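Have a look at the sequence and structure below.

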Amino acid sequence: MRLACLLLLAGASPGWAEPATFADRVAPVLEHNCTKCHGATKQKAGLRLDSHAAVLAGSKDGEVVKPGDAMASELFRRITLPPADDDFMPSGDRPPLSPAEIAVLENWIAAGTPATDSFDAARLGPAVVAPPAAPDYRPRLAEATELARTLGVRLVPRSRVPTDGLVLRTASAPAACDDAVLAKLAPVAGLIVDAELARTRVTDKGLEAVGRWSNLAHLDLTRTAVTSDGVAQLASLGRLETLNLTGTRVDGRGLTLAGKLPALRRVWTFGGP
Amino acid sequence: MPDIPPDPAAHPCSDHGGEHPTVLDLPHVPLSLKQEWLERETRRHFLARGSKALAWAGLATILGRSAPHLLADVAALPDRRPQFAPKAKRAIYLFMAGAPSQFETWDYKPKLSGMFAQNLPESVRGGQVLTGMTASQSALPIAPSFFKFARRGQSDRWVSELFPWTGKVVDELCVIRSLYTEAINHEPAILSITTGNMFPGKPSLGSWLAYGLGAINEELPTFVVMTSKIPVKTNVQALSNRLWSSGFLSPEYSAVALRSGSEPVLYLRDPKGVGRDVRRAMIAGVNELNRQLFEHVGDPEINTRIAQYEMAFRMQTSVPELTDFSDEPASTWDLYGPRAREPGTYAYNCLMARRLAERGVRFTQIFLRTWDNHTNLPANIRTMCEDSDQPTYGLITDLKRRGMLEDTLVIWGGEFGRTVYSQGRLQPDNYGRDHHPRCFSMWMCGAGTRPGISYGETDDFSYNIVKDPVHVRDLHATILHQFGFDHKKLTFKFQGLDQRLTGVLPARVIREILT
């Protein structure tokens with residue numbers, strides 16, 4: 001199921017050829033992600049990626065693509081490292097390439113880095129990289145911070161990786177967070193990946209809003225008044241991985257419902273009925 | 001230099017509408033220097049004043065009790081984001097000061113039982129210099145562990161009979177048996193492991209995390225330390241607040257040390273006859289005076305003072321709730337043991353650590369400090385373990401059942417190891433052990449550490465590491481990694497260097513022990 005979603009996201013369908021050329025598929029990916037630092041104005045490490053010849057010419061340290069072998073290509077290695085790695089590209093706060101973009105580069109290298117000949121951009125399928133947790137938070141961080149501030153909660157980036165999403169924090173004043181607050185977070189809901197709602201005044205009603213936070217991966221409802229009816233509202237959270245129901249009144253029915261969440265790997269119910 | 005007659009209009013003592021003179025007012029100062037001063041004033045002091053102004057706004061709001069998170073905006077001025085998604089949100093460090101012996105705890109050495117009282121082979125010692133406490137001994141007689149070991153848990157690992165309780169959760173633990181340090185005496189070794197450097201003045205691990213991550217809960221300190229009542233009255237290890245100081249980082253990143261008596265933090269209660277409103281007005285007044293002083297001299301330390309007043313005021317509300325254990329279910333006392341009701345015991349501190357973690361405190365460090373068993377080791381270590389084994393088990397079990405072990409890193413260990421040979425007279429049921437920096441054992445659990453494994457190996461004498469050595473720096477790099485930081489990039493400029501917890505020597509994240 002998740003794989004199917006990934007494929008849809010990536011917009012690629014393995015199994016049939018998808019003819020592409022350097023100019024129409026590879027160059028746009030490089031321009032979108034790389035040429036600010038490796039282009040006409042800046043040439044970090046002596047590398048330019050703004051033309052076919054420049055990519056093949058490599059950097060001051062040598063070739064960055066090895067025609068026919070993506071795994072042995074420095075460029076491919078750099079863009080598929082964990083984002084935290086020192087060598088990861090793009091550097092700084094720039095978001096990682098999407099799986100579809102990585103797939104285009106991989107297929108182009110695998111096809112021998114043709115200059116004008118077409119290659120099958122779908123041959124290897126989308127690259128196997130972790131999908132981003134959430135959309136890039138940067139354009140909306142100020143809005144999210146301000147909205148949270150007015151509601152008496154906090155929304156903070158989970159990390160400097162802009163697609164790692166935001167954490168909803170309430171520990172400073174749990175009593176300030178109730179169902180109404182959750183409903184009002186709707187404008188930035190897609191950015192929230194971790195909701196710390198322990199000891200808040202949230203009830204089943206508030207989980208109706210949470211059920212629409214499509215990128216939510218972690219939900220802590222410890223010592224709230226939530227019941228199994230609340231868990232029922234979470235049914236469409238396809239990315240929820242952990243659900244903490246410690247000290248709630250969620251019973252076996254709620255657990256059965258939670259068990260149907262496709263990505264859920266841990267649920268805690270200590271201190272329940 | 002020609003004598004320039006004083007210009008009355010530019011006299012340094014002239015009154016500029018109540019303002020003190022600045023460098024710009026001084027005669028004899030070249031214009032270029034004034035320009036430089038002006039620039040520095042702009043870059044450094046303006047920034048500091050900017051945050052100051054925000055802090056003031058935050059205080060005003062807090063006094064109105066309407067939006068306490070405003071202070072978070074002040075905290076957010078430095079980049080408080082981890083470099084990558086963290087596995088750990090908080091840590092509880094069970095610091096066994098004085099150095100527990102690895103032989104009786106986590107480094108089982110069965111071959112020693114057949115070598116009782118044999119002299120330690122010179123080939124093993126390799127000419128190592130010994131401390132003054134045992135260097136003059138005529139012999140270095142091997143002392144096997146007085147305590148038996150048995151295989152426990154699904155991971156089928158050897159656990160000492162001293163840990164009947166912790167043995168029940170051995171499958172949660174990642175035991176590292178190959179830690180090492182350069183320091184052979186307590187103070188430098190404890191400083192090394194708490195601050196990354198054996199000289200005083202460096203920020204502690206908890207301070208680095210507070211500086212790097214900021215608070216989850218602004219109503220409580222980010223970094224808390226608790227010392228525990230001592231069950232053994234000999235070989236007591238000295239502790240001092242430099243072990244949890246912020247060093248060259250701002251003092252606001254130092255730990256708040258909770259006291260063990262009826263008042264965990266002194267002076268939080270309003271004095272008799274002083275209402276909360278009076279206290280509020282007084283703190284506002286003091287902070288206004290501090291603010292004016294800051295506007296004058298631009299010293300960022302004044303901001304720290306203001307922040308501390310604010311934290312103290314907030315703790316007037318948050319600490320009584322924290323220390324009121326009446327909401328604990330009956331099962332809590334079964335879990336941590338009866339001593340958890342007695343403030344200041346290790347058991348009480350373990351329970352308190354869970355309550356702090358629950359409320360979002362980033363880093364809690366519990367010190368238990370009578371492991372320095374130069375003499376009477378069997379009797380003393382038995383008492384130490386009886387005091388601490390069940391509470392440690394209780395803490396891990398409690399965190400696990402509440403789902404908190406998922407993102408709470410628990411660390412157990414001391415500052416170095418102990419010798420295989422006996423210090424003083426060796427008897428079948430009594431011996432001592434001297435300091436040994438070449439290898440020692442610790443364990444970690446939770447927050448993405450690999451459960452149920454042992455990492456690193458020592459030789460048959462637990463004298464030298466034979467596989468996978470882990471320096472204290474590697475431990476620190478690994479802990480920072482779990483909090484989302486590359487240890488090379490969590491830095492603070494001081495004395496011209498980008499200072500960091502792991503210093504300038506190479507350090508490695510021990511990825512083999514991470515999930």
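## A hairpin in chain B

In chain B, strand β2 (residues 149–152) and strand β3 (residues 157–160) run antiparallel and are joined by 4 bridges. Strands here are DSSP runs of E with at least two residues, helices are runs of H or I with at least four, and both are numbered from the N terminus. Two strands pair if DSSP finds at least two bridges between them.

B:F149 has B:S160 as its bridge partner in β3(B). The two strands, β2(B) and β3(B), form a hairpin with 4 residues between them, and B:G153 in the turn has a positive phi of about 75 degrees.

## How the model is described

This is a predicted model: local features need pLDDT of at least 70, side-chain atom pairs count only at pLDDT 80 or more, and totals for chains, interfaces and linings use all residues. Residues are numbered from 1 along each chain as its sequence is written, while chains are lettered from A and ligands numbered from 1 in the order in which they are written.

## The two chains

Chain B holds 11 helices and 17 strands. Of its 515 residues, 49% count as buried (20 or more other C-beta atoms within 10 Å of the residue's own, with C-beta atoms placed from the backbone).

Chain A has 10 helices and 8 strands, and 45% of its 273 residues count as buried. The C-alpha trace of chain A spans about 65 × 40 × 25 Å along its principal axes.

## Where the chains meet

In the interface, 23 residues of chain B are in contact with 23 residues of chain A; contact means C-beta atoms, placed from the backbone, within 7 Å.

Conventions. Two residues are in contact if their C-beta atoms, placed from the backbone, lie within 7 Å. A residue is buried if 20 or more other C-beta atoms lie within 10 Å of its own, exposed if 12 or fewer, and partly exposed in between; C-beta atoms are placed from the backbone.
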